[in-house]
Every structure is written in C-alpha cells, then in structure tokens.
Amino acid sequence: MIKFIIDHIDPLGQGVFKKGEDIYFIPKTLPGEEGHLKVLKKSKGVHFCELINLTKKSPLRTEPTCPHFNQCNGCDYLHTSYTNEIEFKVANYRRLLKSLNQEETKIEVIESPKRLGYRNRIQLHYHKKIKKLGFKKYKSSQIVDIPECKIMLPEVQSTYEKLKSTWTRQANKPFGHVEIYQQDNDVLVSWNKKYAQGGFTQVNGEVNEKLQKLIESKIINNDNVLDLFGGNGNLTRSLKNKTLRIDLYNDEGRDSKRFHLNLFEDDALSSFQSHNKEEFKTFIVDPPRSGFKNLDLWANAYTPNNIIYVSCHPPTMVRDIQKIMNYYKVESSHLIDLFPSTHHYEAMISLTRI
C-alpha cells in the first residue's frame, strides 16, 4: 500500500496525488485527504488507483446516499455536497478557459433541480454466466451489481426493477449491454445495439429544457441559423428563426430544415456550399466529444456574427475556439450541469465577431 495526500480534484472527479515525477489518480477522494491506495494500472509514471482507506478525512466529506457508490463507477461526487460538486466542476472549467485567456470570465452555472433520479437513459453491462448486471468497475471489466441505483428517472427505475428478475432470459448474448430509455411516454429496452437507440436525447430532461431556453435567449431575431451537428433539432427545434440543421444522421435527405452531411469529411464545407447559397449569421455548434476541428474554416467562409458552441467535452471546445479568437470575443460562458453526481458537465461559450 502507498500513502497519499490529495492535492486537488481533476476533470474526471479523481483526487490527484504527486510523488516525485509520478502522479496518482484516486477516485472517491477529496482535497486534503490522506490514506492508502492500491495501484490498479500504471504507465510511464501515471498510476490509476483505488482507495484502500482514509487516515484523514476532509470536512467536505459526507455519507454517500447510494449504497453502491464506493464500488460503482457510475457516480463520482456523492461523497460530498452538490454545492461542492459544482465548485469542483467550475474550478476545472476555469482552468480550461486559461487557454483562451478567459480565466477571469464569469462562469454562469445552470444547476440541476435533481441530483439523483434524473437519468432518462441508462446503459448497463451484463454477464449471464456469472449473473451480473450493472456498471463496470473503475479500470476493470468487472461488473458491479447496482440493485439500489439512485440515478435513474422513476419511470426508468421501474423498468429496471422488473428487468432485474428476468434479464437472464431476455439477454440475447452470453454477455453484452442493455439500454433502458424513455421515448415520449414509453420506456423501451434495447439489447446489444448501438448507444442511443431511437435517436439521441439528453439524459436530463429538465436541464435540457433550461439549455434550450438559454440558447433561444442568445439568438438574434431574423438571423438565419446554421445548426452544425444538429441531429433531431434538440437545440433549435423551438426557434422561430429560419434554421438549417446539418448532421450525418439526418438521413431523411435534404430539405429546407435539414441537410445530410458528414461534417468530419475534408470536403464537407465545399460540398455544403455547392448545394446551399444562403448566408448564416448565427452558428450553433454541438459536436460529439471529439469536437469540430474545422470550425475555423466554416467561420471564415460564412463570417457569422454569433457562434454558440455547446460541448460535452470542454477541452475540445476550447481547442476549436482558440483558432478563431483573433476574430471573435467571448460574450458569455456557461456550465450546464446535465449530469449531476458525475464528473461530466456540458459547457457553452457564446462568441460575437469583433
């Protein structure tokens, strides 16, 4: 066992301990805490660890409301208050904004009304032979049973409760994954299919509505809006402005509201321009975790007055925005807590052309 003292919390919600040139990441810990760790994996001085015991606890520590918290990898912050969780997330987001010289910019936070009982979609792993259904343990393929999981929406929880006694008969492979998700007024179950069956939706409906209203408040009247990675129109469906959504998954074809295009292709911009001659004064960008490296090319081609960038992975958002900071300034920055109790959060930066 190795002794540790936690210096700070990293963007993944893990405590960080440094010893010489080596760095250790220990989940379920808080700044100032001391104790012993066990190394699970290591590579070139980077160690991924699990907590063995604490010899000194932080005054910020509270008793987790979920009995599975210490073994389960689903939640990261249930050992402290929601207020502290938000402060850790804001601190990590602020560190990222240094790359844009925006560390002093006010970060407006949209909190979740519910810390638990909010997820309308959940994906579980299973192994029929050992009769395990749950989440994967940290840095392991081991499945942790979660019979009293607290994070699901009540309707999803109800379906999960029924599934617990029947899943071994329903699972169509020896091992794999199952997704339980709410679609309109129904809760559906999907076995071993790609994530987000039935179309992508944000997992926190109440906070998603707040995000939609926030974006609506940022849109200038009469501006044509280009919704990049628009999917089914989650962020723009309610806008009164003329809006065109571009996405690879708009496979219904091309019409006045949607355009089927892989935005990651090298010729995506020229292909779009050859089919569409409109001007767009507002961009809404909501890419996957990998970000949108060609944002600068699209911004230079259309010179929009406003760009609203929404991201589930803020580091790639900051990387993309860095390329256009000579022509744009940050008008506002938001942290939207779509994923309370976990280290994840959504970030939004609104830019105006200089």
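Close-up 1. How many disulfides does the structure hold? Zero, if a disulfide is taken as a pair of cysteine sulfur atoms within 2.5 Å. In general, a disulfide is a covalent bond between the sulfur atoms of two cysteines. For the sulfur of Cys75, the closest cysteine sulfur is that of Cys72, but at 6.4 Å the pair is too far apart for a bond. Cys312 isn't in a disulfide either, as its nearest cysteine sulfur, in Cys75, is 18 Å away. Cys75 is buried, with a relative accessible area of 12%, while Cys312 is partly exposed at 24%. Here buried means under 20% relative accessible area, exposed means over 50%, and partly exposed is in between (1.4 Å probe, protein chains only).

A quick note on what you're looking at: this is a predicted model, where local features need pLDDT of at least 70 and side-chain atom pairs count only at pLDDT 80 or more, while totals for chains, interfaces and linings use all residues. Residues are numbered from 1 along each chain as its sequence is written, and side-chain values use heavy atoms, with hydrogens and water left out.

Close-up 2. Among the buried residues of H1 are Tyr82, Ile86, Phe88, Val90, Tyr93 and Leu97. What do the buried residues of H1 pack against? Their partners are strands S2 (8–9), S7 (107–110), S18 (328–336) and S19 (346–353), plus helix H7 (314–322). Contact means heavy atoms within 4.5 Å.

Close-up 3. The strands follow the order S10-S9-S8-S11-S12, and the pairing is antiparallel. Two strands count as paired if DSSP finds at least two bridges between them. At the edges sit S10 (143–145) and S12 (186–191), each pairing on one side only. On average, neighbouring strands of this sheet are turned by 40° against each other, direction ignored. Helix H2 (residues 154–163) packs on the sheet and touches S8, S9, S11 (175–183) and S12, with its direction making about 145° with that of S11. For these angles, axes are lines fitted to C-alpha atoms (for helices, over the stretch in contact), and values run from 0 to 180 degrees between N-to-C directions. Zooming in, S8 (residues 121–127) and S9 (residues 132–136) run antiparallel and are joined by three bridges. His125 has Gly134 in S9 as its bridge partner.

**Close-up 4. Strand S6 and its two partners.** On one hand, S6 (residues 46–56) pairs with S4 (residues 22–26) in the parallel sense over three bridges, and Tyr24 stands opposite His47 in S6. S5 and S6 make a hairpin with two residues between them, and Lys44 in the turn has a positive phi of about 50°.

**Close-up 5. Asn241 in its loop.** You'll find Asn241 in the loop between S13 (225–228) and S14 (243–247). Is Asn241 buried or exposed? It's buried, with a relative accessible area of 14%. Polar atoms of the Asn241 side chain lie 2.8 Å from the backbone oxygen of Ile220 and 3.1 Å from the backbone oxygen of Asp223. Such polar contacts are pairs of N or O atoms within 3.5 Å; within protein, one must be able to donate a hydrogen and the other to accept it, and residues adjacent in sequence count only if both atoms are side-chain atoms.

Close-up 6. Ser332 belongs to strand S18 and counts as buried at 5% relative accessibility. Its side chain makes a polar contact of 3.2 Å with that of Glu331. Lys218, in helix H4 (residues 205–218), also has a side-chain polar contact with Glu331, at 3.4 Å. Not counting residues up to four places away in sequence, Lys218 touches Ile308, Glu331, Ser332, His334, Met348 and Ser350.

Technical notes: Helices (H or I, at least four residues) and strands (E, at least two) are DSSP runs, numbered from the N terminus.
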